[in-house]
Amino acid sequence: MLGTETKRLTTLVNDFLLFSRPSDAPKEDVDLSETLKSLVNRPDSDKNSDKKITLNVINNADVVANRTFMEVALNNIIKNAIEAAKSEVKISLKKVRGSEFGVQSLEKILIEIEDDGTGIDDDIKDRIFEPFVTTKASGTGLGLAIAYRIITSFGGNIFVDCSTLGGAKFTVVFPIKEMK
């Protein structure tokens with residue numbers, strides 16, 4: 001019991017530290033397709049479940065961000081989807097053109113993470129990215145708040161909606177990296 005509680009408190013402290021870090025982290029080119037592939041194929045215990053994870057990504061989807069922070073943000077969203085899913089999670093990465101999604105660039109990189117769980121209740125949908133908002137008995141409510149802070153600090157945006165699979169769909173949008 002002591003080991004379990006120590007691990008839980010360590011995770012909580014690390015989440016607080018990550019949430020409070022300044023957004024002026026060093027930036028570099030981050031290939032989101034490689035990041036998503038490595039997160040899905042990482043030998044973590046939650047990802048080695050009996051749930052089907054479908055990954056459909058384009059190549060060369062670069063954004064200017066901090067690699068470590070992007071991994072944390074996307075991993076938080078993927079982990080939530082896997083935990084919420086009954087049997088299936090779909091992750092897609094594509095480039096789109098248009099003025100929607102609140103990013104100031106006409107061309108965008110779009111990441112969609114969907115699950116077939118029960119979805120997110122309408123009464124907390126507007127607050128889902130706020131700290132300490134959680135539907136899990138053992139959750140801290142920091143995972144999505146951290147993801148939101150990281151994604152928006154690098155010029156992206158994140159939205160939650162209903163998935164065609166029946167659960168939740170998180171859409172992450174970034175402007176396409178300017179060519180030098």
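**Basis of the entries**

I note that the model is predicted, that local features need pLDDT of at least 70, that side-chain atom pairs count only at pLDDT 80 or more, and that totals for chains, interfaces and linings use all residues. I number residues from 1 along each chain as its sequence is written, and side-chain values use heavy atoms, with hydrogens and water left out.

**Entry 1: aromatic rings**

I described each pair by the distance of the ring centres and the angle of the planes. Rings of Phe, Tyr and Trp (its six-membered ring) pair if their centres lie within 6.5 Å; planes under 30 degrees apart count as stacked, over 60 as edge-to-face and the rest as tilted. I found two aromatic pairs in the structure. The ring centres of Phe129 and Tyr148 are 5.4 Å apart and the planes stand at 25°, so I recorded this pair as stacked. Phe129 lies in the loop between helix 4 (122-125) and helix 5 (143-153), while Tyr148 is in helix 5, 19 residues apart. Helices (H or I, at least four residues) and strands (E, at least two) are DSSP runs, numbered from the N terminus. I read a relative accessible area of 16% for Phe129, which is therefore buried; Tyr148, at 34% relative accessibility, counts as partly exposed. Phe129 and Phe170 form an edge-to-face pair, 6.1 Å centre to centre with 80° between the planes. This pair links distant parts of the chain, with Phe170 in strand 7, 41 residues apart from Phe129.

**Entry 2: salt bridges**

I applied the criterion of a side-chain nitrogen of Lys or Arg within 4 Å of a carboxyl oxygen of Asp or Glu. The structure holds seven salt bridges, and I followed some of them. Arg67 forms one with Glu28, the closest N and O atoms being 3.4 Å apart. Here Arg67 in helix 3 (residues 67-84) is linked to Glu28 in strand 1 (residues 28-31), 39 residues apart. I noted Arg67 as partly exposed at 32% relative accessibility and Glu28 as partly exposed at 35%.

Which residues are linked with Glu112 in a network of salt bridges? I found Lys94 and Lys169 in that network. For Lys94 and Glu112, the closest N and O atoms are 3.5 Å apart. Lys94 is in strand 4 (residues 88-97) and Glu112 in strand 5 (residues 107-115), 18 residues apart. Lys94 counts as partly exposed at 33% relative accessibility, whereas Glu112 counts as buried at 12%. For Glu112 and Lys169, the closest N and O atoms are 3.7 Å apart. Lys169 is in strand 7 (residues 168-175), 57 residues apart from Glu112.

**Entry 3: helix packing**

I then examined helix 3 and helix 5, which pack at an angle of about 140° with their axes 9 Å apart. Helix 3 is oblique to helix 5, since angles under 35 degrees count as roughly parallel, over 145 as roughly antiparallel, 65 to 115 as roughly perpendicular and the rest as oblique. Axes are lines fitted to C-alpha atoms, for helices over the stretch in contact, and angles run from 0 to 180 degrees between N-to-C directions. Among the residues of helix 3 that meet helix 5 (contact: heavy atoms within 4.5 Å) I listed Phe69, Met70 and Ile77. On the side of helix 5, the residues include Leu144, Ala147 and Ile151.

Definitions and conventions:
Buried < 20%, exposed > 50% of the residue type's maximum accessible area, 1.4 Å probe, protein only.
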